[in-house]
Amino acid sequence: MKFCLMKLCRLLCLALSLPLHIMQLIGLCGVYKRLFPLLAYKITFSYNDKMHKVKRELFRNVAKFADTDGTLRLLEIGCGSGANFRFYPYGCTVISTDPNPHFQKYLRMSMAANQHLTYDKFICVSGEDMRGVRDESVDVVVCTLVLCSVSDVQQVLQETRRILKTGGAFYFLEHVVSDSSSWTYFLQYVFEPLWCYLGDGCMVTRATWKDIEEAGFSEVNLRHVEAPCLHLMIRPHIMGYCIK
């Protein structure tokens with residue numbers, strides 16, 4: 001009964017999202033691409049407040065992956081408005097990438113507020129194709145709330161392994177699909193078609209931990225957590241780091 005209800009509700013949600021699909025096909029969603037960075041920037045403050053302890057724990061040992069000369073080059077995939085900058089160690093050099101160029105205005109604001117870092121450059125690329133970044137050129141790659149919206153998770157992970165130095169680390173924090181027997185999964189499955197459009201391609205039913213475990217890293221440190229006080233649909237998270 002629950003399964004049938006879930007299918008029926010998803011069909012209804014698909015029907016409700018049809019106008020958004022038509023808008024995308026005719027190119028009207030380009031306007032939303034300009035508005036989304038502002039929305040993301042505003043949400044960042046609330047998300048960081050709620051996830052402060054989680055992020056501090058996640059990034060607490062980033063500095064240990066510095067090169068032998070003490071320098072630390074960190075590349076962030078899907079940097080958005082720079083929500084993670086405050087958690088990076090003093091003096092590290094940050095390369096920012098994001099496929100949406102309209103984030104740069106808010107990125108500059110985050111840079112100004114986090115002057116303990118050195119900023120190299122912003123590259124407008126997708127995580128699936130970072131050909132502008134040399135092989136084995138960074139010590140750390142960071143990816144938070146990004147793998148939910150990329151078109152090819154495995155390709156992003158392979159690009160990550162390509163640009164990481166041997167012994168370098170990939171840090172991640174992502175919301176994931178809930179257990180299929182839970183009401184959280186019911187909501188995720190039903191509302192995903194609509195959520196995807198409103199969240200700029202965000203998919204809430206991805207089992208991203210499987211992709212990370214199968215990506216070929218030499219060591220995987222991953223755990224499941226429940227994000228505090230967030231919307232029920234994106235409360236299940238994974239966090240951790242992998243070593244190349």
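User: Is Arg223 buried, exposed or partly exposed?
Analyst: Arg223 counts as partly exposed, because its relative accessibility is 37%. Buried means under 20% relative accessible area, exposed over 50%, and partly exposed in between, with a 1.4 Å probe and protein chains only. This is a predicted model: local features need pLDDT of at least 70, side-chain atom pairs count only at pLDDT 80 or more, and totals for chains, interfaces and linings use all residues. Residues are numbered from 1 along each chain as its sequence is written, and side-chain values use heavy atoms, with hydrogens and water left out.

User: What does the Arg223 side chain meet in a salt bridge?
Analyst: Glu57, at 2.6 Å, N to O. A salt bridge here is a side-chain nitrogen of Lys or Arg within 4 Å of a carboxyl oxygen of Asp or Glu. Arg223 is in strand β6 (residues 219–226) and Glu57 in helix α4 (residues 52–58), 166 residues apart. Helices (H or I, at least four residues) and strands (E, at least two) are DSSP runs, numbered from the N terminus. Glu57 is partly exposed too, at 33%.

User: How many salt bridges are there in the whole structure?
Analyst: The search finds 9. One of them joins Arg10 and Glu192 at 3.8 Å, N to O. Arg10 lies in helix α1 and Glu192 in helix α7, so the pair ties together parts 182 residues apart in sequence. Glu192 counts as buried, at 5% relative accessibility.

User: Which side chain does Asp67 pair with?
Analyst: Lys165, in a salt bridge of 2.9 Å, N to O. Asp67 sits in the loop between α4 and β1 and Lys165 in strand β5 (residues 164–175), so this pair ties together parts 98 residues apart in sequence. Salt bridges with shared partners join Asp67, Asp139 and Lys165 into one network.

User: Switching to strands. How is β2 covered?
Analyst: Strand β2 (residues 93–97) is mostly covered, with 5 of its 5 residues buried. Thr93, Ile95 and Thr97 point one way, and Val94 and Ser96 the other.

User: Which strands does β2 pair with?
Analyst: β2 pairs with β1 (residues 73–77) in the parallel sense over 5 bridges. β2 also pairs with β3 (residues 118–123) in the parallel sense, over 5 bridges. Two strands pair if DSSP finds at least two bridges between them. Thr97 is the bridge partner of Ile77, and Thr97 stands opposite Ile123 in β3.
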